Structures are given as C-alpha cells and as structure tokens.
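Work through the exercises below with the sequence and the model at hand. Try each task before reading its solution.

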Amino acid sequence: MTKARHHQTQDGRRAALEGAPGVLSERLANGVWVLTIPTPRPAPGYRGVASAQLWVAAGAASERAREHGCAHLLEHMVFKPFVPADAGPDAKPRDLANVIEQLGGDVNAYTSHDETVFHATAPADAIVEILDVMLAAVIGRDFEDEILAREREVVFEEIHQYQDDPASRSLQAMMSDLYGAHPYARPVLGELEEVRALSRASLRGWLRRQYRGERVLLVVTGPVEPDEIVALAQAQLGALPSAGRPQRRQRPKPPERAQIRVERADVQETYLRLGWIGGTALDAEGVALDVASVALGQGESSRLALARRRDRLVSDAYAHFMGQLASGTFLISAQAEGDAETAEAATLALLDEVEALAQAPLEAEELARARALLQSSLVYRRETVQGQAYALGYYATASGHLGAEAESFRILAQLDPEQIRQACARHLSRERAAITVLVPRDRVDARAARRLADRLRRRCRPGAGASAHRHFSAPERDAFGTWHARHRCGLRVVARTDPSVPVAAGWLVWPGGQRAESAREGGISSLTATVLNRGTASRDGDALAREIEGMAAVLDGFSGHNSIGLQLECLGEHLSTVLARAIDCATAPRFDPREIDEARRIAIADLEADLDDPGHLAYRELLATLYGRHPLGRDLRGTPESLARIDHDRVARNWARTYPMGRAVLALAGDIDLERVLAGLEQVLEHSLGPAIADAPPEPMRWPGGAPKHPRRPIERVIEREREQGQLVIGFPGLPLGDPEGAALDVLLAVLGGQAGRLFEALRERQGLVYQVGASAGEHIDGGHIVFYAAASQDKLAAARAATLAEIAKITDEGVGPGELDRAKRWLIGQFESGMQRRSRVASRLVFAEAYGLGTNYYLRYPERVVAVEREQLLDLARRLLDPRRQVTVIVRSPSD
C-alpha cells in the first residue's frame, strides 16, 4: 500500500493525500491551494526542467452580462509590461514573456469556459524567479488605458481569425445552438462589441471578484524545493481575499428537438458539426461517453474511420468528448464534398453510427482498445513536468480535492459494454442533437440549402428513425551516450536509453521524400506515407490498426521534403511488437489499391480545402516563387493532376526501387533493452528480407537536379480573396541543412520572432496591427528559405507590411544588442531542453541527423552551437541573407482593396 505524503503547513494544518502519492499539498490561510511534485535532481551538467501553472476556477462561463470576453482579455493583458504593486516609484516596467525567455523558459496561457490557466516551463534553476514574475504579472496590478486599447485591437484580430476559419466558425455555431441560453453557448473570446465595451474597471472588477481564495490553485512540478515555492506563494498570493469555491453551475438542458443549421459560406468543402449534451468532466456518465467517442471516432480502427473508407462520403471524421464542469459535449466533426446531396448523406450516415452505439454494446475488442488509449494517457503525461502539472491542476481545479484522477481511472477500469450502451442511449438520440452544416456558396444555392435543412429536421424527429544478432555489428556507445549498430543489409540503428518512464519511441527513416520526386509524380511520397501503415502481406490495414491501438501505441507513416518513413511510440513493454510491425510495413507493405484510391481522394479534397486558407495560399505562392521548378517549390501533396497518375503499381514500384531497407536509419529512445531489440530485429529482418540480405548495402540516395535557382530580383505577388483578414509573407533564400551558420540563423529569428521578439513588440504590442506575426526558416538538403509572416485586417495590412520591412531593415543596419542576444540564446536552449523531455523528440533528432549525414549527435550539440553565436556574426548573416534584392513578397488581400 502506497503511503500518503505529508507536508506541514504554515498555520499548523497537515494534508494527508490519498490517491496522489508524491504530491505535497498546502492551503494558505485565505484558501489558495499550493501543490508541488518534487522530482529527482538532474544529473551533473544538466539544469533540469520545471513547470509552474496557475489555475483559476473562473472562465468565460463565470462572466456577467457586461463582462463577456473579460476572462480572455485579462489573459492577454497579463502579458503586457507592468510595474509590480510593491515596487518603488522609480521601478521599471517588467515584461512577463521577455523575462521568462531571458531565463530560457516558455510561458503561455489559455482561457476556457471553466478556468483560466497561466503556465510556464523553464530550466529548474530559474523556476522560482519565473514563478515570481508570473504571479506578479497576474495578481494585484492595474491596466493602462492606452495598452488596453491596443490589446483590444489584438483580440479583434483573433476574433476575425476564428471567424475566417470554417472549422472554428461551424463549431461555435453548433455550440450556440446546443447550449442555447447557457453560458457554454458563448464564445470564449467574446463578441466584437462586447470586447470593445470592456474597460479598466471591467478588468479590475473581474480580477477582484474571481481571483481569490479557493478559486486559485498553484501547481509546480520538477526538481524544486517545496518550502521555497510555498513561501513565494504566501508572499504573492497570501493577500488575496478569501472566497469559497464557485457554486456549481446549473446543468444545461438538452434541446427539446434537434437544432439544425445550414449555412452557405465561401468554402470549398462542406463542414459538418454534430453535438450532444451529456455527462460531465468527472462523473461516470462522462467517462462512458468518453470511451464511446474513442471507439466511434479516434484512430484508424475506429468506426468512423472504417465507414469513411467504406462509404467514401467524408474526407475526414472524428469524435471527441469535451468534459466540462456543468456538462460534457459529445462532438463529431467531419468534412465532405461540397454539394447538398453528399452533405445530407454524410450527416445521416454519421447519425446512424451514433445511434448504433445506443443499440448494441461495444465489442470486447473495441472497449479494450478505447480503455487502453485512455489509460495510457496517465503514463504518457508523466513523461514531462508540464504534463504532470496539467493533470494535477485539471483534476484538482475541477473537483476541489486530490484523488479525482484516480477515481476517474477506477471508473474507466470498471465500465462494461452495457453501461456504455445505456449512457449513449440516454444522451445521444438524434432528436437531441445540434447539427451545423457549412456548405459552399458557389455550389449550393439558397433554395437547396433550405431544402437540406428541412430534410435533416424531418430525419431528426423522434422515431426517425533475444538471441545473438548475427547480421548486426556489436553495438558501440559514443561519448554522448548514443549507441550505434549496423545491419549487414545497411540498416543503421542509433539509440539512447532512458528507463525513467516506461515509454519508448522510434523513427524509421529513408532519405528521399519530395526531394526525390519528379514533377510528373508529385505527391507520390505523401500518398505512400499515408498508406504505408495500412497493412502488410500478412495483415490488412484494419487488423493492424486494431492491434496497434489495442496496445495504446502509435504507428504512422510520414513524408517530408527530404525524407519518408514510419514513426512509432508505445509503452516500453510493447516495443518489440510495435517495431516488428513497423519493419513488416516497410518490407512488405500491402498498398491496397482501395486504400490508395481513398488516400488520393482525401488528398485532393485537402488540396481543395486549403484554398479556403489564405495563410496557406500565401505560403505556397512564396515557396513556388522562391524555388521555381525545383522540387522544394511544389506542394508536398502534389497536385490533383499528378495524383491522378499515381496508382498501386506506381506506388509499389517507387517504394521498392527508392527505399530498400539498407538505406534506412532506425533511431530509438526511451525504455529500451537494446540487446533484446537488436535480437528481435535480426529475426524480423531475416524473415522479411530472406535472400535479399546482402553483404553490400545499396548505393546512397542520389538527389536529382541540384541546388535551387533563387530569384535574383525582388518579386511581389498579390492574391485576392474575400476575407476580413489579409495575409502577408516575405521570404528570402536561406541556408541548407547542416550549414555552419544554422544556429546563428535560429538566434537571429528568435530576436525578430517569438513572443518577446522585435516583430511581436512592434506590430502587436506597440501598434496593435496584428494578432499573429513571426519569423521562421526552412532548411533542406540543398536549399533553404526564411519567412516573415503577419495576418492583419485589410485596413491595417499596408501598415503591417511597412512595419515588418522596417524591422528587417533595422536588424541589417544595427544588428542585435547584447540583451537581445542573451535572451534569444536562453530561449532557444530552454526550448531545446523542454522538447527533449519527449522520447519521440530525442529519437527524431537522432534519426534525421544520421540520415542526412550530419553526424548522429548533431542536434544534441545544438546548445553548444547556440552559445557560440556572436553579435558580429549575426550582423554579417543578416546583411547576407536579408537582401532586399532577393526578396519575395506575397500578399493575400480583399478584391476591394
């Protein structure tokens, strides 16, 4: 029996924590709750990673009539410069994001209907200082009218962005119809006029009324001193007024009849959203509906995935259960071809699949798969400190006590198929559904849309119905702790072991991908990757998916600009099995013609859907202009014309010719018994390759063509689309993979981009021109590019462009200051360390470095290269790369401008 941990509180109380071993709990006198999970100290030479999260049990659903949008706007304002309440008169303003990035951390926040959460992840030795500034930025501060006015403009841009996104817009419309007068019907961002009416007094009143007492929870995980955290919490949060937990919000009533909405919009595909009310985040009904949603629409062996491939009515469909405090939402999202007949058939087919859940219990295999996927989340969350903090904060905030997560998993373990069927029968009838259908305006006229809505209403009425590995070299461990082995066929294996969490990940990668394609067969790599995990010579795709998902594992194909392969992640105990299936997929892929046809159909539908995304249009046009006829200028997915030429024979022939096992690299990380893995691989490869195992590995990949020919003069393109927001992208030729200046370019872009970067500060903070702005780079085998991007209202687009160009010119004229350089380095290294918590990230860093000939530990030495960057180097690099004579500009704007 696990012993509960105890911690002495300042006022003499003690907390015995049942169901939450390893958690230290403290209640301040005013009711604020402090939870810490101390983890072991990092090994010498490592700083370790810690996470701090401030949870406030007040979100959009707690807002009064004149406060709509207040919770979200306050979240934004917390990131504005401030002077701490206890600072002297000469104190300088502090900037939350800037301070945290200088310390190598990452900070963000989000608002939901039920809570507002501020969270930071950073090197452990900086977490106390980061927590201090984060709490000071939230608690006991005021807001300047000028800054508030600018930030309202930023929120307006965010609202416009959501309105321009058909998926978000259709979801919000469905939620409004489903919940009616209940607060869950309201958008978390608020409406434009509501946000415009919010003032300093509104924010002060909201902060004073909600950020108090037992509504506030602080969670800190990592190698920290709990007493130090509690002392800091007492200093920063101890003066908050006392208050009990907010009263449980009244549960909403499901609609008395189906709520059907059909809208015509400027879209290419039909967007379907179906929703039901039922259960909550913590009760047994909610757990049952969560299991049902997994069986229905999560994973390639789910019912919706099987139906999609069988009926070909939708290009994408998934189910999800959103566990909220007042009520849960059972949600189905799908996309289909853009005509009224297909929209009706797809909607009715989705309703039939939902009703089937209520008519018959899940099969034992379905329940086992769903249970395994949900239970495995507990283990996967333990992999990172932020995952541990989130789970603890979510369940503690929702329930008001510890042990709620354990209780939820107890319910999950005890559920039987009949209980799930009964929950679905109680809540998921079609007459209680809210259905939103967004159809293309140019393909469905107003009359057809009305007829579609009438037919759906009629159909939703009640009653409507380990041996010696002979072919592997002896594994050798290098100075970085990375293991190396090579198979006789040429396959290279690299691995880093870490048994601290029973999770393992792997990447099986071949150089190639888009870079190895001809224009005539553009998209063949992407299409191949889509079906690469859909069956082998001995297993069809559905059987393989059931087996993989039954182990709560992942086995997916992927394809990029320079590579193609398979990615896997699983619990350590299942690694041998999952890896064997990956090798089977690579050496004996089924490439079922029906699967290829379906993948082609979805790819073409996705290409059409991207025409609705102005940001994507701008980026695609930029790459096409920068790279010209070079493969890197084409869409990874090809074109409808090139895809139409690709059939089973072309896919199979291209795979066999271009991607023999001897050219592959396998990288593994996590809970690995390397000797056992290599022995298992030996057997699998011997069985799969047979006589094909050769002493001489195949020749290395030969890249066709050569380096791209970039423009030698400035080029500007304009694309016209009817949107509230315009899009701006500015690009330059960049650096190829492995260039010695790669780390310097990262530092340069961190200075310009990022939440504390120059572009964000100038365009969003000072001028309020944009919601999104940033800078990024792409690095490929023999080419690369740099991109600056911004999204702004049509009337602000010209100003956003001028401001972006001014910042580019400034950095080429003046260079980077010492403080900026230090902040950028700390942020990049902090992000690197945070990302390397994930076993999959470690394996991916190993595999791509090895596959591209950079040296296995190239990415592991990234911090060294960042530290070595100097200011003079950045100035030279900026002047060389950000040359206006080679600049490409793409603008997406309204035809009226």
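**Exercise 1: a helix and its surroundings**

Helix 29 (residues 839–851) has 13 residues, and at 1.5 Å a residue it should span 18 Å; its end C-alpha atoms are 18 Å apart, which agrees. The expected span is 1.5 Å times one less than the number of residues. Helices (H or I, at least four residues) and strands (E, at least two) are DSSP runs, numbered from the N terminus.

The model is predicted: local features need pLDDT of at least 70, side-chain atom pairs count only at pLDDT 80 or more, and totals for chains, interfaces and linings use all residues. Residues are numbered from 1 along each chain as its sequence is written, and side-chain values use heavy atoms, with hydrogens and water left out.

Task: State which residues of helix 29 are buried, and what covers them.

Solution.
Step 1. Apply the cut-offs: buried means under 20% relative accessible area, exposed over 50%, partly exposed in between (1.4 Å probe, protein chains only).
Step 2. The buried residues are R839, S840, V842, A843, S844, L846, V847, F848, A849, E850 and A851.
Step 3. Eleven of the 13 residues are buried, so helix 29 is largely enclosed by the rest of the structure.
Step 4. The cover over these buried residues includes strand 14 (492–497), strand 15 (503–511), strand 16 (554–559), strand 17 (563–571) and strand 18 (665–670).
Step 5. Just past the end of helix 29, G853 has a positive phi of about 75 degrees.

**Exercise 2: two packed helices**

Task: Describe how helix 13 (residues 385–399) and helix 14 (residues 404–414) pack.

Solution.
Step 1. Two packed helices are described by the angle between their axes and the distance between the axes.
Step 2. Axes are lines fitted to C-alpha atoms, for helices over the stretch in contact, and angles run from 0 to 180 degrees between N-to-C directions.
Step 3. For helix 13 and helix 14 the angle is about 90 degrees and the axes are 8 Å apart.
Step 4. Helix 13 is therefore roughly perpendicular to helix 14 (under 35 degrees is roughly parallel, over 145 roughly antiparallel, 65 to 115 roughly perpendicular, the rest oblique).
Step 5. A391, Y395 and S399 of helix 13 meet A404, E405, S408 and F409 of helix 14; contact means heavy atoms within 4.5 Å.
Step 6. By class, the residues of this contact are four nonpolar, two polar and one charged (Ala, Val, Leu, Ile, Met, Phe, Trp, Tyr, Cys and Pro count as nonpolar, Asp, Glu, Lys and Arg as charged, and the others, Gly among them, as polar).

**Exercise 3: a serine and an arginine**

Task: Locate S315 and R308, and list what each touches.

Solution.
Step 1. S315 lies in strand 9 (residues 314–323) and is buried, at 5% relative accessible area.
Step 2. Not counting residues up to four places away in sequence, S315 touches E269, R308, Q335, A336, R601, I602 and A605.
Step 3. The side chains of S315 and E269 make a polar contact at 3.1 Å (a pair of N or O atoms within 3.5 Å; within protein, one must be able to donate a hydrogen and the other to accept it, and residues adjacent in sequence count only if both atoms are side-chain atoms).
Step 4. R308 lies in helix 10 and counts as buried at 10% relative accessibility.
Step 5. Leaving aside neighbours within four places in sequence, R308 is in contact with E300, V314, S315, D316, E598, R601 and I602.
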